[in-house]
Amino acid sequence: MKLNAYILCALSMLGTGCSDFLELAPRDATNVSNFYRNASDMQAAVNAAYGMLSSAGEYGYAYYNVSEVRSDNTMNFEVGGNLPDAELDQFKMASTNEIIRLMWIDTYRGILACNTVLDHINGATMDQALRERFIGEVKFLRALKYFNLVRTFGDVPLVLSETKSVSEGYSQSRVAKAEAYNQIIADLTEAEQKLPVAYTGADIGKATKGAAKALLGKVYLTIGEFAKAKDKLKEVIDQGNYKLLDDYAALWPVANANHQESIFEVQFKKGGTGTGSSFYNNFMPRNSGTNIIKVGFAGGRNNPTADLVAAYEPGDARKAASLATGYTDAATGKFVADPYTLKYQDTPFSEGDADNNWTVLRYADVLLMYAEAISQAGSGPTAEAYEAINAVRKRAKLAPLAAGLSKAAFALAIEHERQVELAFEGHRWFDLVRTGREVAVMNEHFKAPVVAEFNAVFPIPQTQIDVNPQGIKQNPGYTF
């Protein structure tokens, strides 16, 4: 990763805040205000916003729980326990769940970092072109963070400037999610105008014009603006600087990070600096000992379900590149049927300190969203929609979809393709909610009526309600 040299010192600017809520108030607002004087200061501030993406409450831990473990794709080893992961996996979440508390706090800390840049950057002495790029970067990051919040919690506080006191932070109230989406769209629209098409050298890994367009297309798809989604995703395709890698397995080696199919990745770097990722340790089978990993503990999190293992069509090359169905026990020589993902393999520097990035957006996702948007915006799939989905299937060594599918049948074909193409990458739960399929799919997964419509969003952390009971109410259906 190219950004890590800045992240540790940049994150220290955020402080640890007071109590809970948003961790919004710096420890010394006067010193912080005096810091933002030149391009170097602003670079550190921008990197603080990037750095928060790797925090436990964002992509370091919470995100894969709310996006994959919540779904029928993956599960937590402790399915019968009461750990936060297992509660989330089994739809038994209390408002005191630590994962959602971390997600709320750390995501708002990241938003604070973005707002701090935006509030101070016009007063800094620096090149105007660089100023504009920095604004584009943090507008993209703020939009991404709010997109994750609103998809997870529904209505959320919309904080658009640096919060300078604890009392101000505690007074923030939830706004309708439509208002939050309007701001997300505004931020991304501005970001795509200010961001470059690509970077070189030490800037590789930062937000680009294509990343802003791809995320905006996903936002439009999420809120049902299908024609706008189609047009925006077509812009990403027409840029011509992304392509599907020939070999699906080539997407995942750490040495191949930020490849030509990648549109935006959360960057991690091992080495004892606190910037490594924990996916490798966390995603290996709990009782596998040293049969798979040689450094640290196997967490048994985000493991494939039987539903996911069975979802791949015969001959799908993605299956062998995405998961193993088990491992051979070195002591007994026997095969242990305990599936795990192969997408996050590395030799950690120490436990939970590996080089695996988290891919937020890649070109295959764009092609599948584009195919969906075309069909949903019209009366069903067109030749161009088939071309987009079949490009993804061709790479997987599968036959093209047969033409003539109805609009409903094509939607189910897209759902299936996204499940196996993007498995373990943080899309499945939000795809099911976006299409209104979460109740039917999950109750079929559980073979029981476990999931209800209110489960489309998560409970608001109780700590937030406690500090602002008038402005922050619990989501319907959650009573504890």
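**Figure 1. Lining of the second largest cavity.** Fifteen residues, written here as 15, line the second largest cavity of this predicted model, and Tyr-59, Tyr-63, Arg-151, Val-360 and His-427 lie nearest its centre. Two or more lining residues come from each of α7 (128-153), α10 (209-222) and β10 (358-362). The volume of this second largest cavity is about 80 Å³. By class, its lining comprises eight nonpolar, four polar and three charged residues.

**Figure 2. The largest cavity and the residues closest to its centre.** In total, six cavities of 30 Å³ or more are present in the structure. The volume of the largest is about 130 Å³. Its lining consists of 15 residues, among which Leu-251, Trp-252, Glu-265, Asn-357 and Thr-359 are the closest to the centre. Six nonpolar, six polar and three charged residues make up this lining.

**Figure 3. Crossing of helices α11 and α15.** Helix α11 spans residues 226-239 and helix α15 spans residues 363-377; their axes come within 8 Å of each other and cross at roughly 145°. The crossing of α11 with α15 is left-handed. On the α11 side, the contact is formed by Phe-226, Ala-227, Ala-229, Lys-230, Leu-233, Lys-234, Val-236 and Ile-237. On the α15 side, the contributing residues are Tyr-363, Val-366, Leu-367, Met-369, Tyr-370, Ala-373, Ile-374, Gln-376 and Ala-377. Classified by residue type, the contact between α11 and α15 contains 14 nonpolar residues, one polar residue and two charged residues.

**Figure 4. Burial of helix α4.** Helix α4 (residues 62-69) is largely enclosed by the rest of the structure, because eight of its eight residues are buried. The buried residues are Ala-62, Tyr-63, Tyr-64, Asn-65, Val-66, Ser-67, Glu-68 and Val-69. Of these, Tyr-63 also lies among the residues nearest the centre of the second largest cavity.

Figure 5. Tyr-64 is a residue of helix α4. Its relative accessible area is 0%, which is under the 20% limit for burial, and Tyr-64 is therefore buried. When residues up to four places away in sequence are not counted, Tyr-64 touches Val-69, Phe-279, Asn-282, Phe-283, Arg-301, Asn-302 and Trp-358. Pro-314 is 250 residues from Tyr-64 in sequence, and the C-alpha atoms of Tyr-64 and Pro-314 are 27 Å apart in space.

Conventions
Residues are numbered from 1 along each chain as its sequence is written. This is a predicted model: local features need pLDDT of at least 70, side-chain atom pairs count only at pLDDT 80 or more; totals for chains, interfaces and linings use all residues. Side-chain values use heavy atoms; hydrogens and water are left out. On a 1 Å grid over the protein atoms alone, a cavity is a set of points where a 1.4 Å probe fits but cannot get out, and a pocket is an open set with protein on both sides within 12 Å along at least five of seven lines; lining residues have an atom within 4 Å of a point. Grid points are joined across faces, edges and corners, and a volume is the space filled by probe spheres set on the points. Ala, Val, Leu, Ile, Met, Phe, Trp, Tyr, Cys and Pro count as nonpolar, Asp, Glu, Lys and Arg as charged, and the others, Gly among them, as polar. Helices (H or I, at least four residues) and strands (E, at least two) are DSSP runs, numbered from the N terminus. Axes are lines fitted to C-alpha atoms, for helices over the stretch in contact, and angles run from 0 to 180 degrees between N-to-C directions. A crossing is left-handed if the near helix is turned anticlockwise from the far one by less than a right angle, and right-handed if clockwise. Contact means heavy atoms within 4.5 Å. Buried means under 20% relative accessible area, exposed over 50%, partly exposed in between (1.4 Å probe, protein chains only).
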